[in-house]
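Student: I have a chain open on my screen and would like to talk it through with you. Can we start with the sheet and move on from there?

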Amino acid sequence: MVRKLKEKVFAEGDYYWPYDGHFGGEPLPRPTRRRKLWTYEAIQESGTHSILDLTHLIDAGEPDSFGSLRPLTAQEATAAFGTDKPTAADFERLEKAGELPQLAPRWSGVYVTLFADGKAAEIGIWGHSGD
């Protein structure tokens, strides 16, 4: 799930790239490989402001750490969405209202399984990335 999303974000260039010329200087082309992305000092310092900044998955009970992505616990999901089986509409409502709970420290994220007709259908991911 995360690998495919990272591939999509990278391929579409849907991430912060400080070398686009907006801050002066000659623009640099975006790297063609994700590993190369992390050789740029500004990316190391500020990140990409995207899922590319997440490096590893952890279990719900583990403490958050730099670059981690963990699932919400059932308790966290119920507190946030009013149910432990939220739908995409529930997620979108909180996201648009700016009310997704900020449960992860900077440089980490959380995700929740979203349900449709009582079955797992998709994943909602959020957190803090970048400066």
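**Around the sheet**

Tutor: Leucine 57 has leucine 69 as its bridge partner in β2, and please keep in mind throughout that this is a predicted model.

Student: OK, which strand is leucine 57 in, then?

Tutor: Leucine 57 belongs to strand β1, residues 56-57, and β1 pairs with strand β2 (residues 68-71) in the parallel sense over two bridges.

Student: And what is the strand order of the open sheet?

Tutor: The order is β1-β2-β3-β4, an open sheet of four strands with mixed pairing. β1 and β4 (119-128) are at the edges, where each has a single partner strand, so one side of each is left without a neighbour in the sheet.

Student: In what sense do β2 and β3 pair?

Tutor: That pairing is parallel and runs over three bridges, with arginine 70 standing opposite valine 110 in β3.

Student: How many bridges join β3 to β4?

Tutor: Nine bridges join them, and the two strands run antiparallel; within this pairing, glycine 109 has glycine 127 as its bridge partner in β4. The hairpin of β3 and β4 has two residues between the strands, and aspartate 117 in that hairpin takes a positive phi near 55°.

Student: Is β3 mostly covered or mostly open?

Tutor: Strand β3, residues 108-116, is mostly covered, given that seven of its nine residues are buried.

Student: Back to leucine 57: buried or exposed?

Tutor: Leucine 57 counts as exposed because its relative accessibility is 51%, and the cut-off for that label is over 50%. Together with Met1 and Ile123, Leu57 makes a nonpolar surface patch of about 270 Å².

Student: Switching to the inside, which residues have the most contacts in the largest nonpolar core?

Tutor: Those are Tyr15, Trp17, Leu37 and Leu52, in a core that has 13 residues. Helix α1 (residues 2-12) supplies the largest share of this core, namely three residues. Apart from this core lies another one, of twelve residues, which includes Ala77, Ala88, Val110 and Leu114.

Methods. Residues numbered from 1 in each chain as written. Predicted model: local features only at pLDDT ≥ 70, side-chain atom pairs only at ≥ 80, totals over all residues. Heavy atoms only, no water. Patch = residues over 30% accessible without salt bridge, like charges linked within 9 Å, V, L, I, M, F, W, Y side chains within 5 Å. Areas by Shrake-Rupley, 256 points an atom, 1.4 Å probe, with all protein chains shown as cover. Salt bridge = Lys/Arg side-chain N within 4 Å of Asp/Glu carboxyl O. Buried < 20%, exposed > 50% of the residue type's maximum accessible area, 1.4 Å probe, protein only. Pairing = 2+ DSSP bridges. Core = buried A, V, L, I, M, F, W, Y, C linked by side-chain atoms within 4.5 Å.
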